[in-house]
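I opened the notebook to look up helix packing and nonpolar cores. My notes follow the order in which I checked things.

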Amino acid sequence: MKFLSKIDSPADTKKLSVEELTELAGEIRQEIISVVSQTGGHLATNLGSVELTIALHYVFDLPSDKLIWDVSNQTYAHKMLTGRRDRMRTLRQYKGLAGFARPEESEYDHFVAGHASTSISAALGFAAARDNAGLDHKVVAIIGDGALTGGLAYEGLNNAGSLKKDLLVILNDNTWSISKNVGAMSRYLTGIMTDEKFNKLRNEIWELTGRFKRRDKIRAAISNIENSIKGLLVPGMLFQKLGFRYFGPIDGHDLELLIKTLQRVKNLQGPILLHVATVKGKGFEPAENDPFKYHGIGKFDKVTGEAATGSSNRPSYTKVFGETMVELGAKSDRVVAITAAMVAGTGLVKFAEKYPERFFDVGIAEGHAGTFAAGLAAEGARPYMVIYSTFMQRAFDQVIHDIALQNLPVVLCMDRSGLVGDDGPTHHGTFDLSFLPLTPNLTVAVPKDGNELRAMLHHTVDHELSGPVAIRYPRGSIPTDMVDEIPDIAWGKWEALSPLGDVVILAVGTMVTQAQQTAEILSSRGITLSIVNTRFVKPLDLEMLSKVMDRASFVLTAEENALRGGFGQAVADYLLAGGYTGRFKALGIPDRFITHGNRDLLLKEIGLDPVGIAVSVEELVSDSLKQGSFLKKLIFRKNGNAKKKVEVGRVPQSASGGQETR
Ligand SMILES: Cc1ncc(C[n+]2csc(CCOP(=O)(O)OP(=O)(O)O)c2C)c(N)n1
């Protein structure tokens with residue numbers, strides 16, 4: 001790497017000529033392909049934004065000038081150019097570089113992002129704080145056309161247009177979100193980009209008038225004429241009406257033009273929007289041909305682009321969900337499905353093909369999806385709002401205010417619940433079991449496997465629902481094979497997977513499989529662990545819970561969710577109110593954000609792997625007995641004959657992240 005290997009900071013990029021920068025772009029592209037082929041990651045968006053990143057590094061003074069990246073999954077080139085190129089091969093790995101911008105990682109990253117459409121609001125905040133402090137550095141937001149479908153972006157534009165702060169927004173328009181971008185705004189932007197003749201003429205007039213002394217007045221007059229003739233069809237008129245000066249669209253792969261344009265707009269005052277046209281996947285043929293497939297990809301062959309095959313031979317929860325949705329669609333034509341820009345990620349492709357009139361991709365607009373679903377349900381449809389757990393956070397108010405308050409039969413389907421792994425803290429779905437069950441009227445269900453997921457979904461169409469239902473399921477493959485027949489699940493009831501003994505674990509969703517492995521570990525140590533599949537987190541199955549209370553001296557809960565406000569806390573409340581005299585421990589995600597990396601490693605870090613859970617069980621049991629291992633073994637070999645009223649001492653907080661309650 002002739003040039004890349006010499007770049008340790010943006011100052012080094014500034015030393016290169018345009019020809020050298022063009023070569024550098026090629027090197028960065030090769031490195032991105034090579035790295036992502038080994039680590040997996042967001043390939044296509046990064047390939048599309050190489051020249052833009054280089055130009056920004058060349059023109060602006062980083063890090064005092066601030067780049068605020070939307071979503072920030074397109075920051076690989078930025079990472080390489082800011083002293084992190086040697087660590088690129090650790091990308092998205094446990095303890096390695098993050099796949100997103102991360103201020104702890106570099107002084108060149110200023111703002112965390114993973115959820116879309118935040119950059120304009122954040123950048124405006126930086127600009128306002130800068131002005132208040134009397135500073136004069138530049139602030140640049142870089143946002144994609146997909147992210148511009150999110151309502152938050154318009155709130156930012158609206159506010160920026162009125163505050164009139166110096167702020168540059170770069171719209172990186174590749175016409176793709178994860179799938180092809182959707183919506184009227186996307187059509188509007190495409191209209192601008194295809195209106196080439198008009199743009200050319202307009203740019204020429206702009207250049208020409210720039211030579212006149214009274215250029216501002218002349219330009220304003222021309223602008224008025226444009227408005228009256230073409231109204232909203234004038235390129236960028238929408239942005240201009242919002243208080244931005246619009247420039248573009250320009251070719252986002254022409255480094256010379258990018259640099260020249262950025263140098264021109266850099267010192268302009270007020271809010272500026274520069275529209276840059278890029279090709280998603282640029283420079284890697286398979287990705288250019290199929291930007292959707294290469295948006296986020298696992299390991300692949302860097303020559304052919306062929307994706308490496310997964311290690312599991314069982315289907316993913318997503319696949320089971322998607323196939324079941326097709327079954328539901330056939331059962332009732334009231335069934336409609338809504339996604340917020342995640343048609344494939346949520347498994348809805350087949351449903352969309354089969355029932356196009358009952359399928360809605362609303363763009364990156366989770367809040368809107370919630371109210372839209374509520375409207376559909378209020379008019380008699382049966383909406384399935386299918387949104388990753390982490391993005392459902394955006395629709396929290398809509399779930400409460402529009403869906404639950406009116407007790408509307410909307411089914412919230414949350415894929416990627418729990419720890420998602422490589423994407424890290426912006427994407428972990430570890431809060432839904434805290435924020436959803438606090439909502440009145442809402443039933444919260446968590447299947448332990450694919451068959452249960454299918455059964456729950458069928459239940460929602462086979463029965464008149466008494467209110468909204470949320471179903472959460474994880475990323476990855478189902479733990480057991482699918483069967484043809486849909487199992488019978490008693491709605492609202494838990495399932496004891498073994499006779500209730502003296503030590504019981506109430507396991508939610510993914511934790512059932514973990515608990516089964518834990519039980520094996522413990523059995524070799526003389527402890528019998530009874531497992532209850534607590535497939536309804538709200539309402540709690542009080543009948544089963546009171547049986548557990550009666551029979552067990554030691555109760556644990558396990559969930560892949562924040563301990564704060566989670567299932568464990570709900571159970572603890574119940575036990576406390578009922579005067580439970582045994583010992584209790586809740587296992588889940590401690591009160592901190594969990595990093596990125598392989599999910600198994602993350603589970604281990606927080607003690608939610610089978611060994612970690614076994615340690616917690618042993619700690620709970622042995623600490624209570626306090627009589628030393630001989631007695632402990634003796635009692636537990638008897639399998640559940642320990643006295644319920646054990647001596648209760650304060651059990652120290654375990655390293656596992658478990659939270660203990662009595
Ligand atoms: C709130 C939210 N919903 C959904 C997503 C998932 N997501 C990640 S990137 C992306 C598409 C972004 O498209 P665009 O902004 O055009 O950037 P590109 O990848 O095309 O460069 C989506 C939908 C997200 N990050 N945040």
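Predicted model: local features only at pLDDT ≥ 70, side-chain atom pairs only at ≥ 80, totals over all residues.

**Entry 1: helix 2 and helix 5**

I started with helix 2 (residues 18–39) and helix 5 (residues 76–84). Their axes come within 10 Å and cross at roughly 110°. Helix 2 and helix 5 are therefore roughly perpendicular to each other. I then looked up the hand of the crossing of helix 2 and helix 5, and it is right-handed.

Next I listed who touches whom. Helix 2 brings Leu24, Ile28, Glu31, Ile32 and Val36, and helix 5 meets them with Tyr76, Ala77, Met80 and Leu81. I sorted the residues of this contact by class: 8 are nonpolar, none is polar and 1 is charged.

**Entry 2: helix 16 and helix 18**

I moved on to helix 16 (residues 366–378) and helix 18 (residues 396–404). I found a crossing at roughly 10°, with the axes coming within 9 Å. Angles under 35 degrees count as roughly parallel, and that makes helix 16 roughly parallel to helix 18. The crossing of helix 16 and helix 18 is right-handed.

What makes the contact between helix 16 and helix 18? From helix 16 I noted Gly367, Gly370, Thr371 and Ala374; from helix 18, Gln398, Asp402 and Ile403. I counted classes for helix 16 with helix 18 too: 2 nonpolar, 4 polar and 1 charged.

**Entry 3: helix 4**

I checked how covered helix 4 (residues 50–59) is. I found 9 of its 10 residues buried. The buried residues of helix 4 are Val50, Glu51, Leu52, Thr53, Ile54, Ala55, Leu56, His57 and Val59.

**Entry 4: the nonpolar cores**

I kept a general point in mind here: in soluble globular proteins, nonpolar side chains tend to be buried together.

Which residues touch the most other members of the largest nonpolar core? In this core of 84 residues, they are Tyr384, Met385, Leu412 and Leu506. Helix 14 (residues 317–331) gives this core its largest share, 6 residues.

I followed up Leu506. Setting aside neighbours within four places in sequence, I found Leu506 in contact with Trp494, Val532, Thr534, Leu545, Val548, Val555, Leu556, Thr557, Ala558, Phe567 and Val571.

I then found a second, separate core of 52 residues, which includes Ala25, Ile28, Ile250 and Ile259.

Notes
Residues numbered from 1 in each chain as written. Heavy atoms only, no water. Axes fitted to C-alpha atoms, helices over the stretch in contact; angles between N-to-C directions. Helix = DSSP H or I, 4+ residues; strand = E, 2+ residues; numbered from the N terminus. Parallel < 35°, antiparallel > 145°, perpendicular 65-115°, else oblique. Left-handed = near helix turned anticlockwise from the far one by under 90°. Contact = heavy atoms within 4.5 Å. Nonpolar A, V, L, I, M, F, W, Y, C, P; charged D, E, K, R; others polar. Core = buried A, V, L, I, M, F, W, Y, C linked by side-chain atoms within 4.5 Å. Buried < 20%, exposed > 50% of the residue type's maximum accessible area, 1.4 Å probe, protein only.
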